[in-house]
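I set down each look-up in turn.

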Amino acid sequence: MISVSNVSMRYGAKILFEEVSTAFSPGKRYGLTGPNGAGKSTFMKLLTGELEPQKGTVVRPRKLGVLSQDQFAFDRYRVIDTVIMGNKRLWSAMEEREKIYAKPEMTDADGMKLGELEGIVGEEDGYSAESDAAILLQGLDIADDLHERKMGELRGGEKVRVLLAQALFGHPQALLLDEPTNHLDLDSIHWLEKFLNEYDGVLIVISHDRHFLNNICTHTADIDYETIITYTGAYDEMVMAKTQVRSQIEAQNAQREKKIAQLNEFIARFAAGTRSSQVQSRRKEVERLQVTELARSNIQRPFLKFEQKKPSGKHILELEAVTKSYDDKAVIGGFTAGILRGEKIALLGRNGVGKTTMLNALLANSPTTSDAELRKTSGYSGEFLSGGKVIWGHEAAVGYFAQDHKALIEPGITAFDWLHQWDLGASHEEIRGLLGQMLFPRDDAQKRTEVLSGGEAARLIFCKLMLLKPNVLVLDEPTNHLDLESINALNIALQRYQGTILLVTHDEDLIDEVATRIWHFEGDTRITDFKGAYAEYQSVMA
C-alpha cells in the first residue's frame, strides 16, 4: 500500500493540493488525472520519493517500479543490464558478487559474503533475470539483437521502451508510471495493457491516452480544485461522476442561496420591530445554510476548428508503385493507392516500419510543403522517394503537423509574431483570438518561441493550421504533448473536418472515432489498404 497523510504542495501563490490524505491499495489500478499544471507529475514525484512534501507524510513499500524520465542515465550499460537494474537489491548483489569473483584470490570473508550474496540473488530470482528481462523487452518490441547493445546506441523511442521494461522488472510491490505509452506503437500498448491488468500490486499511472486509462484502471485519482478525489472506475466513469458531483453541489448552493435571500429579506424588514426572537432564529438559520464554497477548477478546454479556405478536387492524391529504401533496407515496396477528397486515413503499424517515411514521401511532392520543413523535422538529407510517383490533385493545400513539431517553429521571435507571419493580412484581433482559443493568455502571446514547452509548441502549430485553413491535414503523432482535454478537443475537430486527413497516432480512440480508412504497415514492405473504419478492420483481421 502507498498512503499519503495531510500532504500539501504549493509554488508561490499557486496551490496544487492542500491537506490531502488518501491511500492506494494493492490489486487496484489507479489513473492519476488532472489538467496540465494541476500537479500530476509533482504528486508522482512525492510518491516515488524524488520530492519531499512541504507538509505531511508519504509511506511507500520497499520495492518500487518507477519509469525513469532520464533517457541518458544508462547509456554506458547493456540494454539487458539496464532492465535488471529495475530490481535495485538484485543488481547491487550481482555487482558485488562480480567484484569478488574478479579477485585473484578470495579470503574466508569473501567466501562468507559470496554465500550471502548468492542467497539474495536466489531470493530475487536472479538466476532467471536475463531471460525474464528478455521477455519484457520482446513484449515491448525491442529486438533480440539489441539486448546486448549499449543503451547509448539506441534511438530515443527504443530507450523509453527499455526504461519501461526496467520499471516492470522484478515484481515490484508498486508501479508508478508517468506517460508509459509515449513512443509505444499500438501492439506494444496492447501488450502493456495485458501486463498491467494481470499485475497484482499497486499501480498508479499518468497517461494522456483515454483508451489506455479506460482499459486498465479500476480507480481514478483526480487532481483538481486544489485536492485529490478518488473515484471508482476508469477515466470516462470519473468524468461522469465528477460532473454529477459538481452539478449537485451547484444545485444545492442555488437552493441555499435562494433560501438565504428570503431569510435576509425577513431580517431586514423586522430587525427593528417587535419580532426579535423570529429575527434571531432566522439569523442562526442563515449561518447554518452557508453555501458550500467551490474551489476553482484547473481544467481549461481549448477550442479547435479546422476549416478549408477552398475545397480540393475530388481526386486529392495518387500513389503509383511508391518504394522507399534506406541503403540496402527496403521499407516500402511498390505501394499503389488513390485517395478521394474527405477520406480520413490512419497509418498503423509497429514503430520503425515506415509510417513517417510514407508521410515524408507524400509531403516531399506536396505543392505547399517546403523541402526545408521536411529536412528540419526528419533530419534526413537523402531522397524521400526511391521509386514510383506521388501525384497531388487539383487545388491541394497541405497542413503539416510533424512528430518533431517544435523544429518547425523558428526561435528568437514571439509566439504572436511567428503565427502572424503565416498570414500578414490577418488582424491582430484574429491572431490573438486563435491564440486564446488554444489557451495562450494575452501575456503568453509575447512568449519567446525558444522557451515554449512541448504542449505549447503543439498548440501553436494547431493555431497555424486553423489560420491557413488547408484542405489536407497530415498529422504525425499530434497527441504526444497534449493533455486529455486537448486530445478530446482535437478528436472532435478532426471528426467535423470536411477535408482529407492522413494520421499517424497511437491513440486508439482517435483512430476509432476519426479514421474512415486504414493503411496497416506490415513490417515486410507490404501495406494493407482497408477501406473502412478501425472497428471493421479489427473484426475482419480477428
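Is the crossing of helix 14 and helix 15 left-handed or right-handed? I record the crossing of these two helices as right-handed. I note that the model is a predicted one.

**Entry: the helix pair.** I looked up the contact next. Helix 14 contributes Glu-430, Ile-431, Leu-434, Leu-435 and Gln-437, and helix 15 contributes Leu-460, Cys-463, Met-466 and Leu-467. Sorted by class, the contact comprises 7 nonpolar residues, 1 polar residue and 1 charged residue.

Two packed helices are described by the angle between their axes and the distance between the axes. For helix 14 (residues 428-437) and helix 15 (residues 454-468), I noted an angle of about 130 degrees and axes 9 Å apart. Angles over 145 degrees count as roughly antiparallel, and 65 to 115 as roughly perpendicular. Helix 14 and helix 15 are therefore oblique to each other.

Entry: I then turned to an open sheet of 3 strands, in the order 2-1-4, with antiparallel pairing. Strand 2 (14-24) and strand 4 (55-59) are at the edges; each has a single partner strand, so one side of each lacks a neighbour in the sheet. On average, and with direction ignored, neighbouring strands of this sheet are turned by 20 degrees against each other.

I checked the pairing of strand 1 (residues 2-11) with strand 4: they run antiparallel and are joined by 4 bridges. Val-4 has Val-58 of strand 4 opposite.

**Entry: the helix on the sheet.** Which strands does helix 1 lie across? I found helix 1 (residues 40-48) across strand 1, strand 2 and strand 4. Helix 1 runs at about 135 degrees to strand 1.

Conventions: Residues numbered from 1 in each chain as written. Predicted model: local features only at pLDDT ≥ 70, side-chain atom pairs only at ≥ 80, totals over all residues. Heavy atoms only, no water. Pairing = 2+ DSSP bridges. Axes fitted to C-alpha atoms, helices over the stretch in contact; angles between N-to-C directions. Contact = heavy atoms within 4.5 Å. Parallel < 35°, antiparallel > 145°, perpendicular 65-115°, else oblique. Left-handed = near helix turned anticlockwise from the far one by under 90°. Nonpolar A, V, L, I, M, F, W, Y, C, P; charged D, E, K, R; others polar.
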